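Trainee: Could you take me through one part of this protein closely, with the terms spelled out along the way?

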Amino acid sequence: MVYHTGDMTLHSVRSILKNEVNDVVICQDQDSPARPYYTLVAVKDRDTAKTLLSIFESQPRDAFEPDESRSPAFIKCFSHKEQLCYLFEYNEERNLDAFCEGQITSQVIRERICINIVLSCLSSPLPFPLLFLLLEQRQLHIEKDNTIYFTPYFDLRRLDPKKTETHCTIECVRLLLDILQKKNAGGRSSRASLKSYELLRKKIDSRSCRHFTELYRDIKISALPEKKPKMFKRIRAFWERNKDFLFRIILVLSIIALVLAVIMLASYLIFGDFLLFRLFGGSIDKIGTEQMNIK
């Protein structure tokens with residue numbers, strides 16, 4: 001198959017996906033001396049094409065006028081015969097499922113990969129319905145330095161324009177939990193020693209995963225330090241992880257102290273003495289007319 005757009009002649013060299021809604025093919029530009037490769041998504045279904053156009057036009061992550069810190073979602077959009085085509089950059093596949101475990105040599109690296117996944121989601125220019133598809137279909141790849149990137153191998157049969165950042169964040173947490181609970185080479189699960197796993201599991205159970213920024217903060221706080229931190233930072237990190245629990249303890253202790261203070265004040269006003277001091281004070285020296293502890 002040959003696709004023409006502007007000054008590009010794109011020859012299909014490999015088919016990635018083919019169904020009744022869309023095709024995904026790797027193309028090479030024969031008009032360029034460098035012969036670069038691209039990923040081309042050809043939408044054949046009319047309704048899906050309309051939905052996709054609407055998603056790109058209404059997305060908060062603007063694909064047409066990206067800012068300096070974010071690359072555009074796609075290179076070109078053009079029509080070929082009765083197909084709507086989107087052209088993306090091509091990156092060599094290093095699928096996360098295939099290469100991840102081989103690159104994990106410590107729990108610190110395991111959590112670093114999870115952090116990099118969240119960072120890739122944060123920096124992706126794709127609208128959330130498409131980002132959700134890539135997360136759900138596990139189109140994530142890992143570099144040798146453990147950075148993460150996506151490949152736009154969309155199966156658009158499951159495209160849902162109603163998917164939001166919350167849906168993407170929940171799907172991302174499911175992916176992170178899969179990585180954090182994988183077994184080590186010795187067959188023992190890694191999750192027992194990782195606080196990040198427990199935190200994310202509680203988050204997804206309570207359905208409190210809504211934004212990637214919050215997810216990044218949570219896993220960053222709970223992750224193992226790459227270097228042993230100073231005492232102050234360790235105390236601060238402990239407080240950040242347990243501040244809700246510690247606050248409840250302080251609140252209970254404060255209520256108990258307040259109740260004891262009220263009882264002591266009432267006993268002094270009624271009996272002219274602090275009865276609690278007598279109960280927890282020294283031994284009783286006299287009962288009635290009998291003197292105890294006679295030396």
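Trainee: How many helices and strands does the protein chain have, and how do helix α2 and helix α3 pack?

Mentor: This is a predicted model, in which local features need pLDDT of at least 70 and side-chain atom pairs count only at pLDDT 80 or more, while totals for chains, interfaces and linings use all residues. Residues are numbered from 1 along each chain as its sequence is written, and side-chain values use heavy atoms, with hydrogens and water left out.

The protein chain has nine helices and 10 strands, taken as DSSP runs numbered from the N terminus (helices are H or I, at least four residues; strands are E, at least two). Helix α2, residues 96-103, packs against helix α3, residues 107-123, at an angle of about 145 degrees, and their axes lie 10 Å apart; axes here are lines fitted to C-alpha atoms, for helices over the stretch in contact, and angles run from 0 to 180 degrees between N-to-C directions. On the α2 side the contact (heavy atoms within 4.5 Å) is made by L96, C100, E101 and Q103, and on the α3 side by I109, R110, I113 and I117. Sorted by class, this contact has five nonpolar residues, one polar and two charged, where Ala, Val, Leu, Ile, Met, Phe, Trp, Tyr, Cys and Pro count as nonpolar, Asp, Glu, Lys and Arg as charged, and the others, Gly among them, as polar.

As for the cysteines, the count of disulfides (pairs of cysteine sulfur atoms within 2.5 Å) is zero. C121 is in no disulfide, since the nearest cysteine sulfur, in C172, is 4.2 Å away.
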